[in-house]
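Subject: Structure handover, with notes on what was found

Dear colleague,

I am passing on the structure we spoke about, together with a written account of its features. Please read the account beside the sequence and the model, which follow here.

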Amino acid sequence: MSGVMKRMGMIFRAKANKALDRAEDPRETLDYSYQKQLELLQKVRRGVADVATSRKRLELQLNQLQSQSGKLEDQGRKALALGREDLAREALSRRAALQQQVTDLETQHQTLQGEEEKLTLAAQRLQAKVDAFRTKKETIKATYTAAQAQTRIGEAFSGISEEMGDVGLAIQRAEDKTQQMQARAGAIDELLASGALDDPSGMAKDDIQAELDRLSGGTDVELELQRMKAELAGPAEQRQAIEGGEGQDQSQSQSQAQPQDTPRFDKQ
């Protein structure tokens with residue numbers, strides 16, 4: 001059962017991967033990757049701005065502490081001038097505490113300044129990388145679009161595209177139907193001529209009448225041809241042709257009147 005479930009899972013993942021591959025457009029993927037890089041660059045820039053803001057805040061605090069330290073130093077001097085050594089000692093003690101804070105803030109300032117420089121350099125490198133990726137992205141998109149158009153043109157010329165395939169199938173079906181109708185029409189004509197099918201118009205003829213009509217049509221043509229020849233030959237030749245025709249008719253009638261079988265006497 002476990003093996004069957006693993007196999008089903010593998011088949012499902014393979015089919016899902018194939019479906020995603022068909023749906024994926026490389027141009028959209030490149031645009032999405034470029035957008036993510038821009039978002040990352042924006043985050044780095046905000047980080048640089050935050051570090052710079054912290055550095056600037058420390059600088060303001062340092063200026064305030066240094067100003068207070070200078071003020072306490074002046075107060076200590078005035079106290080000594082007035083003979084108040086205790087006040088001078090208190091002022092110097094406070095100044096020493098402020099000086100320790102100034103030292104700590106200067107250390108933090110140096111650390112933030114180093115981080116700011118690193119982030120600034122990283123932002124510059126990332127900006128250069130994003131610019132290079134954008135150029136490459138546009139080049140790949142243009143190449144892909146050109147290849148896609150060339151592929152579609154090639155498929156259209158070769159007839160293997162879906163649109164041209166549908167047109168080719170439609171033409172093939174039309175040609176098949178035309179040939180089928182032509183074959184059917186020819187078969188019906190042959191059947192009508194042979195008399196195998198009844199003519200609903202009542203004009204169909206049987207085979208004997210068709211043969212008689214053919215023979216009579218040939219005789220009429222021969223007679224018309226003889227008449228035209230006689231007209232072209234002239235009066236004299238016309239009479240000879242007519243007499244020749246009459247003599248021929250008489251000889252044919254005589255030959256038809258004589259009996260065909262004559263008795264033969266054998267010599268003994």
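Helices (H or I, at least four residues) and strands (E, at least two) are taken as DSSP runs and are numbered from the N terminus. On that basis the elements of the protein run α-α-α-α-α-α from the N terminus on, which is to say 6 helices and 0 strands. Please keep in mind that this is a predicted model, in which local features need pLDDT of at least 70 and side-chain atom pairs count only at pLDDT 80 or more, whereas totals for chains, interfaces and linings use all residues. Residues are numbered from 1 along each chain as its sequence is written, and side-chain values use heavy atoms, with hydrogens and water left out.

Overall figures

Accessible areas come from the Shrake-Rupley method with a 1.4 Å probe, and for residues only the protein chains shown count as cover; the protein exposes about 22,200 Å², of which carbon and sulfur atoms supply 55%. A residue is called buried under 20% relative accessible area, exposed over 50%, and partly exposed in between (1.4 Å probe, protein chains only), and by that scale 12% of the 268 residues count as buried. Taking a contact to mean heavy atoms within 4.5 Å, one finds that among contacts between residues at least 6 apart in sequence, 78% join residues at least 24 apart.

The aromatic pair and the charge beside it

Rings of Phe, Tyr and Trp (its six-membered ring) are paired if their centres lie within 6.5 Å, and planes under 30 degrees apart count as stacked, over 60 as edge-to-face and the rest as tilted. A search of the whole structure gives 1 aromatic pair. That pair is made by Tyr34 and Phe133, which are stacked at 6.5 Å centre to centre with 15 degrees between the planes. Tyr34 belongs to helix H2 (residues 26-81) and Phe133 to helix H3 (residues 85-158), so that the pair links distant parts of the chain, 99 residues apart. Tyr34 is buried, at a relative accessible area of 14%. The charged end of Lys137 sits over the ring of Tyr34, 5.0 Å from its centre, where the criterion is that NZ of Lys or CZ of Arg is within 6 Å of the ring centre and within 35 degrees of the ring normal.

Salt bridges

A salt bridge is counted here when a side-chain nitrogen of Lys or Arg is within 4 Å of a carboxyl oxygen of Asp or Glu, and the count by this rule comes to 16. One of them joins Asp31 and Lys141, whose closest N and O atoms are 3.2 Å apart. Because Asp31 lies in helix H2 and Lys141 in helix H3, this pair ties together parts that are 110 residues apart in sequence. Asp31 is partly exposed at 29% relative accessible area, whereas Lys141 is buried at 18%.

Two further salt bridges lie within single helices. Glu59 and Arg55 meet at 2.8 Å, N to O, and, being 4 residues apart in helix H2, they are separated by about one helical turn; Arg55 is buried, with a relative accessible area of 19%. Arg94 bridges to Glu90, with the closest N and O atoms 3.2 Å apart, and these two residues, 4 apart in helix H3, are likewise separated by about one helical turn. Glu90 counts as partly exposed, at 41% relative accessibility. Salt bridges that share partners also join Asp31, Lys137, Glu138 and Lys141 into one network.

His109 lies in helix H3 and is buried, with a relative accessible area of 13%. Leaving aside neighbours within four places in sequence, His109 is in contact with Arg55, Leu58, Glu59 and Leu62, and Arg55 and Glu59 are the partners of a salt bridge already described. Glu106 is placed in helix H3 too, but is partly exposed at 34% relative accessibility.

A surface patch

Val4, Met5 and Met8 make a nonpolar surface patch of about 300 Å². Patches are made of residues with over 30% relative accessible area and no salt bridge, like charges being joined within 9 Å and nonpolar side chains (Val, Leu, Ile, Met, Phe, Trp, Tyr) within 5 Å. Val4 is found in helix H1 (residues 2-23) and counts as partly exposed, at 46% relative accessibility.
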